[in-house]
Amino acid sequence: MGRFFSPSQKSLAKESFAQAEKLAGQFFRLSSESLRSHRYDIRTLAYLEKHEVNETAFAHLCKYQYQNENTDEAGFHFYRICLQDNCILDAIDRAGSFIKLSPLMLYIAVHELTHVIRFDSGLVDFDAPLEVKREEEERVNRITREMLRAVRFPDLNMVFECFSKDYQIGEIYN
Ligand SMILES: [Zn+2]
């Protein structure tokens, strides 16, 4: 703990997710409407609850059910992508000048968004057993690479080489 994104790093993260949405929309052939139906929000470390913190991953995915207690209306679920600022910044430090925040952040955004879309479309169960989650993780890594192959973005290959295995899927369901 203790290292947080600066304001400019936060806006870079936000931009990365906007770009990832465009890429995912093209890749999965989603209209902007169906893309919007996959509800998710993004939080950086400073805004995470204790159970959303994961010291061993760049990002941690949580699924929440929202129910308004004052109405009978059906609730909805959404995903929270919990960015672990400290792990991301440490990884960039370790990589010296080789890895920059923007390609790594784009990689993380595409990866997490792919999880959200696949879970939400029922292609894989969020609460699947660990073995299934591991397989899903590999599949998502492959899809992420494929999606990013079409993009001309500086230093992405370096990210592929260094970081494609540094992920964990969250197992929290509230
Ligand atoms: Zn993952």
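The expected span of a helix is 1.5 Å times one less than its number of residues. Keep that rule handy, and select helix α4, residues 101-120. Its 20 residues should span 28 Å, and the end C-alpha atoms are 28 Å apart, which agrees. Helices (H or I, at least four residues) and strands (E, at least two) are DSSP runs, numbered from the N terminus.

Before going on, a word about what is on screen. This is a predicted model, in which local features need pLDDT of at least 70 and side-chain atom pairs count only at pLDDT 80 or more, while totals for chains, interfaces and linings use all residues. Residues are numbered from 1 along each chain as its sequence is written.

**The whole chain**

Zoom out and show the protein chain as a cartoon. You will find six helices and four strands, in the order α-α-β-β-β-α-α-α-α-β from the N terminus. The radius of gyration (taken over C-alpha atoms) is 16 Å, close to the 16 Å from the globule rule (2.2 Å times the number of residues to the power 0.38) for 174 residues; the chain is therefore as compact as a globular protein of that length. Along the principal axes, the C-alpha trace spans about 55 × 35 × 35 Å.

Now colour by pLDDT, the predictor's confidence in each residue, from 0 to 100. The average for the chain is 88, and 92% of the residues score at least 70. Over residues 168-174 the pLDDT is below 50, and this stretch has 17 contacts in the model beyond near neighbours in sequence. Two residues are in contact if their C-beta atoms, placed from the backbone, lie within 7 Å.

A residue is buried if 20 or more other C-beta atoms lie within 10 Å of its own, exposed if 12 or fewer, and partly exposed in between, with C-beta atoms placed from the backbone.

Next, pick Ala 109 and Val 110: in the largest nonpolar core, which has 32 residues, these two touch the most other members. Such a core is a set of buried Ala, Val, Leu, Ile, Met, Phe, Trp, Tyr and Cys residues joined through C-beta atoms within 7 Å. The elements giving two or more residues to this core are α1 (7-27), β2, β3 (76-83), α3 (85-94), α4 and α5. The largest share, eleven residues, comes from α4. Leaving out residues up to four places away in sequence, Ala 109 touches Ser 16, Phe 17 and Ala 20. Just after α4, look at Gly 122, which takes a positive phi of about 80°.

**The strands**

Two strands pair if DSSP finds at least two bridges between them. Select β1 (residues 40-43) with β3: they run parallel and are joined by four bridges. Ile 42 stands opposite Ile 81 in β3.

Move to Tyr 66 in β2 (residues 59-66). Is Tyr 66 buried or exposed? Tyr 66 is exposed, with 10 other C-beta atoms within 10 Å. Not counting residues up to four places away in sequence, Tyr 66 touches Gly 75, Phe 76, His 77 and Phe 78.

**Last stop: Asp 155**

Asp 155 sits in the loop between α5 (130-149) and α6 (156-163). With 14 C-beta neighbours inside 10 Å, Asp 155 counts as partly exposed. Apart from neighbours within four places in sequence, Asp 155 is in contact with Ile 99, Lys 100 and Pro 103.
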